Amino acid sequence: MSEEKAVNVPAQSAGATLTEDAAPGEVLLKVTGLQKHFPIKKGLLQRQVGAVRAVDGLDFEVRSGETLGVVGESGCGKSTMGRLITRLLEPTAGKIEFEGKDITHLGVSGMRPLRRDVQMIFQDPYSSLNPRHTIGTIIGAPFRLQGVEPEGGVKKEVQRLLSVVGLNPEHYNRYPHEFSGGQRQRIGIARALALNPKLVVADEPVSALDVSIQAQVVNLLDDLQAELGLTYVIIAHDLSVVRHVSDRIAVMYLGKIVELADRDQLYRTPMHPYTKALMSAVPIPDPRRRTAKSERILLKGDVPSPISPPSGCRFHTRCWKATEICRTTEPPLAELRPGQRVACHHPENFEDQQPQDTVLLSAAKEAAELVAEEVLAESAETSAAVAAEIAKDSAEAAGAPESPEVSKTSGVSKTSAVSKTSGVSEVSKVSEDSGDSKGSGASEDPAGSTDK
Ligand SMILES: Nc1ncnc2c1ncn2[C@@H]1O[C@H](COP(=O)(O)OP(=O)(O)OP(=O)(O)O)[C@@H](O)[C@H]1O
Ligand code: SF4
Ligand SMILES: [Mg+2]
């Protein structure tokens, strides 16, 4: 966290300032129904036999000056989304608007101005820099490609950019292998900043780096945003990195956004069960929440294939709250609270969206039984104690004969009430009672770990 926070950012050179800035808070990028299906071809004739539905209908917007964090497990389509919005991939369907202009299918010449405004930082600082080029050539490439001559020349501008990202401007002629991972990522950042972009999409910008270096690069991105008024989309596979930098966070699962909310709201009261499961995997530094270990939610089963995603809600095969409606009907991404959009029939921290439908799917029943057994045992104990008390009282008051009957009836009825009818209701009760800190049946899982 220490590190040279001093981001020496001089005024942007005239040559690099190509477009006017959008007012902070205005929608810079708007994505509607965005899809990318990669065809699967087979045989000599290369006939299409299916498709990988990597991104399958995304709706979101990015406002000027904000950082939108995008999280989700490996393979959920984050990088594909990043490549679509930077127009490195052609979408299968949907619409992408940048500053109100439809850029979904722009051709090469139409894309030229956009290439300056939208830049990408890649995950792997080792493979994303050409080892045979000096860093001067690498960072200067965008100027040559765009035919831009910065004031004072390319070399001077590149040296300025090197100092902006905390590198020695004298190292202009060195090669990528002479730099460490963190320094290489700084070179990647300098290259992305060369043309003074408006939107920077960073795909796992720190996940290839040592933990100690991650904080430095995250801080650098933070500082650059403050100094240059940049807008970021930062992709990560866990919540701890995006938590630090994001204003809003989109949680993706199998090609879809399942929850999109302000950062604090998402951490305080996650509404989608998947968000809750992801969060339970993040170590919580707050000592007041030491009990966090016992709150972990174990997601059961593997991530389904994006070639044939589950019907209805895609998370239903792993969700401990799934009911019949989850299997048949896809929940829309709806704004359930101001600033919090969720795609779930039975969201957490909220009144049930489908109270009429409470029959849990078999996957959910498994988790439910874990809780029910405990509740059952406790309840049986209480019943027995109460029955014994009643028996004792009755015996004292009216003589011995009636008491055993009373004790039997009350014991049986209480126990069966819990075991038969409340397999479902007890689970929902437990999860309600537990507020935002406890999950549900699945949180009771003794394994205490999560496969994110
Ligand atoms: N060019 C491609 N052709 C076919 N399938 C692809 C292609 N690129 C990505 N996919 C598939 O699309 C899905 C989403 O991939 P993507 O790389 O976007 O996921 P991701 O969320 O970035 O994962 P990770 O966290 O591992 O980087 C995966 O199933 C992947 O195998
Ligand atoms: S409760 Fe239903 S809709 Fe909500 S995440 Fe679980 S399976 Fe999906
Ligand atoms: Mg990726």
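These legends describe close-up views of a predicted model of one protein.

View 1. The chain counts 452 residues, and 40% of them are buried. Look next at which residues meet. Take the contacts with a separation of 6 or more: residues 24 or more positions apart account for 70% of them.

**View 2. Eight strands line up in an open sheet.** What is the order of the strands? It reads β6-β7-β8-β3-β9-β10-β12-β11, and the pairing is mixed. Strands of a sheet pair through backbone hydrogen bonds, either parallel or antiparallel. The edge strands are β6 (118-121) and β11 (334-337), and each of these pairs on one side only. From one strand to the next, the twist averages 25°. Helix α5 (residues 181-193) packs on this sheet. There, α5 touches β6 and β7 (199-203). The direction of α5 makes about 175° with that of β6.

**View 3. Strand β8 pairs with β7 and with β3.** Start with β7. It runs parallel to β8, and 5 bridges join the two strands. A202 stands opposite I234 in β8. Now turn to β3. It also runs parallel to β8, again with 5 bridges. Here the bridge partner of G69 is I234 of β8. Find I234 in the model: it faces A202, and it is also the partner of G69.

**View 4. Strand β3 runs parallel to strand β9.** β3 covers residues 67-71 and β9 covers residues 248-253. How many bridges join them? There are 4. One pair to find is V71 with its bridge partner V251 in β9. In the order of the open sheet, β3 sits between β8 and β9.

**View 5. Strands β1 and β2 form a hairpin.** β1 runs through residues 27-42, and β2 through residues 47-63. They pair in the antiparallel sense over 13 bridges. Within this pairing, K36 stands opposite V55 in β2. The hairpin has 4 residues between the strands. One of the residues in the hairpin, G43, takes a positive phi near 80°.

**View 6. Strand β1 also pairs with strand β4.** β4 holds residues 93-98. It runs antiparallel to β1, and 5 bridges join the two. To locate the pairing, find T32, whose bridge partner in β4 is K95.

**View 7. Helices α3 and α4 cross.** α3 covers residues 135-146, and α4 covers residues 154-164. They pack at an angle of about 115°, with their axes 9 Å apart. That angle makes α3 roughly perpendicular to α4. The crossing of α3 past α4 is right-handed. Which residues make the contact? From α3 come G136, I139, G140 and F143. From α4 come V154, K155, V158 and L161. The residues of this contact divide into 5 nonpolar, 2 polar and 1 charged.

**View 8. Helix α3 has a buried side to explore.** Which residues of α3 are buried? They are I135, I138, I139, G140 and P142. What covers them includes α4 and α5. Just after α3 comes G147, which takes a positive phi of about 65°.

**View 9. V158 lies in helix α4.** Is V158 buried or exposed? It counts as buried because it has 24 C-beta neighbours inside 10 Å. Leave aside residues up to four places away in sequence, and V158 touches G136, I139, G140 and Y172.

Conventions. Residues are numbered from 1 along each chain as its sequence is written. Chains are lettered from A and ligands numbered from 1 in the order in which they are written. This is a predicted model: local features need pLDDT of at least 70, side-chain atom pairs count only at pLDDT 80 or more; totals for chains, interfaces and linings use all residues. Axes are lines fitted to C-alpha atoms, for helices over the stretch in contact, and angles run from 0 to 180 degrees between N-to-C directions. Angles under 35 degrees count as roughly parallel, over 145 as roughly antiparallel, 65 to 115 as roughly perpendicular and the rest as oblique. A crossing is left-handed if the near helix is turned anticlockwise from the far one by less than a right angle, and right-handed if clockwise. Two residues are in contact if their C-beta atoms, placed from the backbone, lie within 7 Å. Ala, Val, Leu, Ile, Met, Phe, Trp, Tyr, Cys and Pro count as nonpolar, Asp, Glu, Lys and Arg as charged, and the others, Gly among them, as polar. A residue is buried if 20 or more other C-beta atoms lie within 10 Å of its own, exposed if 12 or fewer, and partly exposed in between; C-beta atoms are placed from the backbone. Two strands pair if DSSP finds at least two bridges between them.
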